[in-house]
Amino acid sequence: MDLFRDAILHPGPPQDFALQTVQLAIKPQKQVKLVQDENQLLENILRTLLQELVLAAVQSGQEIMQYGLSIDDGDTRPGQIPRLLDIVLYLCEKEHIEGGMIFQLLEDLTEMSTMRNCKDIFGYIESKQDILGKPELFARGKLVMLRTCNQLLRRLSKANDVVFCGRIIMFLAHFFPLSERSAVNIKGVFNTSNETKYEKEAPDSSSIDFNFYKTFWSLQESFSNPASLTPALTKWHKFASSLMVVLNTFEAQPLSDEGGNAINLEDEASNFSIKYLTSSNLMGLELKDPSFRRHIYVQCLILFDYLKTPGKNDKDLPSDTMKEEIKTCEELVKKLLEMTPPRGNEFLRSIEHILERERNWVWWKRDGCPPFEKPPTEKKLAQDGGRKRRPRWRMGNKELSQLWKWADQNPNALTDPQRVRTPAIMDYWKPLAEDMDESAGIEEEYHHKNNRVYCWKGLRFSARQDLEGFSRFTEHGIEGVVPLELLPPDVRSKYQAKPGDRSKRAKREETKGSLQQVEESQEIPASETDVDGSRNDPDASTAPMETDAIMASGSVSQGGTPTPEDNQKQSSDIDVGLEAGQIEADTEAEPGMVDGETDADVDLDVGT
């Protein structure tokens, strides 16, 4: 014990000497952690030392937490008892000794101290709340701390020590988790010991109706224990008739706005009393007090809210007649509460919000107080070297599955005319045109050209509605497909066709026209020219211009007039080539269209 007395007077921090002091005093088997018998021996030594320090502080007439405090201005060390508690707290935090030892010393200290000293002790507990709340300490000492705080609350006066009681309750609320059941009234037991006493016999001289006085204060018996109204219907009928008498009296004597506004509720809060006086001589003044009426109205709403949310047993359920009476009384109470000045409507909204939160707490308790904390979900990592599986959709792909889901919720989704509407080419490319405008300041990563599905659909629209813009894709990429009318002048010049390109296109058109004139000038029998019966196929006119140029170079550029055999051979080659090219194009287009319907498999090289 003398070693710990010297350690208390040590000027350094606890981590410099605390463990060495324990090793010298106990001589443990392990160098850094005590076993069970060694912890018990150390606890007995510390509790005895604490009693001696408290006794010495009382005999000296000093405050317990101030005992041994140096009077030197340069010495900032705390008193001897806080110093001892700091040393034990450090040893518990580092798990050198049993974690619940600090809580046991705090309980002994509060039991040996007066309420005046307990305020200083509790201030020390509040200052160490973060350390005491650590999991390794909280699990060992939460029950001891709860018992200590409850003992303090029982010793305090609820009327004179309201602030200290509030400090203790707030500490418990922060110290214990939200789902802790030790501070929850699981069974919903009411405080029936809170009895309201009032006069049973009428006084000799009274200025009020004494029958109304007894009827009014008799309601408090039911307010203090609402559970007594459901088993016996006679008690409910008696309560309902008495309550309607009181409510009708309040409605017949409404309060004026001037009188209600004259009372400042914020100033009244400083003089708030827990219970109202029940003297019959004060009844007339209390009926004119808006806060007094609000007190009664709120009691009624709390009782109605309890009756509407009964237990799980059928015997606790109110009858249909009782439900109708509750509804009628509740509507009248809310009406009167809204009419009570000042700010009656605002006050009613606040009370309804509080009662809504209270109902959530009631159902949480009746469900067994499930914890609010949920463990984080761990993402399943793919096996090393394993192939990532593609998502499987119910209808084959994401769009069809989502469309099916919409149709299941909305039967008109499939027949909506707006759903199948093809947008205009100008409207569709407008977002990409805005991205290309440098004055808009849109960053590159947010451009629509990075959306492969958007680009693929745009190419399909341009192929149907704007072939000139679609032809610019091979040279300028997806940005070249945007109509030039949507682009600003400085950007438009980049994608406009050059004069040389226009002359080449004109020469190509002229060559194609001369070839057609040569073919028309020859009179070829139908049996010779119509090889496979597909000469008049309109698809023949859509042959590429490069094929026409090759034909022209092979027939006209020879310097002579083609013979009928040459024309027949050329015509047959053209038809066969067109059919092969058409079949190949269709074969390549079908997988593209299938892939275009699924957003996940589109692989489009977007050019800049």
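1. S242 lies in helix α11, residues 233-252, where helices are DSSP runs of H or I with at least four residues, numbered from the N terminus. S242 is buried, with a relative accessible area of 13%, buried meaning under 20% with a 1.4 Å probe and protein chains only. Leaving out residues up to four places away in sequence, S242 touches T215 and L219, contact meaning heavy atoms within 4.5 Å.

2. This is a predicted model, in which local features need pLDDT of at least 70 and side-chain atom pairs count only at pLDDT 80 or more, while totals for chains, interfaces and linings use all residues. Residues are numbered from 1 along each chain as its sequence is written, and side-chain values use heavy atoms, with hydrogens and water left out.

3. Apart from neighbours within four places in sequence, L132 is in contact with L89, I102, F103, L106, I125, L137, F138, M145 and F175.

4. The axes of α5 and α8, lines fitted to C-alpha atoms over the stretch in contact with angles from 0 to 180 degrees between N-to-C directions, come within 9 Å and cross at roughly 10°. The two helices α5 and α8 are therefore roughly parallel to each other, the term for angles under 35 degrees.

Conventions
Parallel < 35°, antiparallel > 145°, perpendicular 65-115°, else oblique. Buried < 20%, exposed > 50% of the residue type's maximum accessible area, 1.4 Å probe, protein only.
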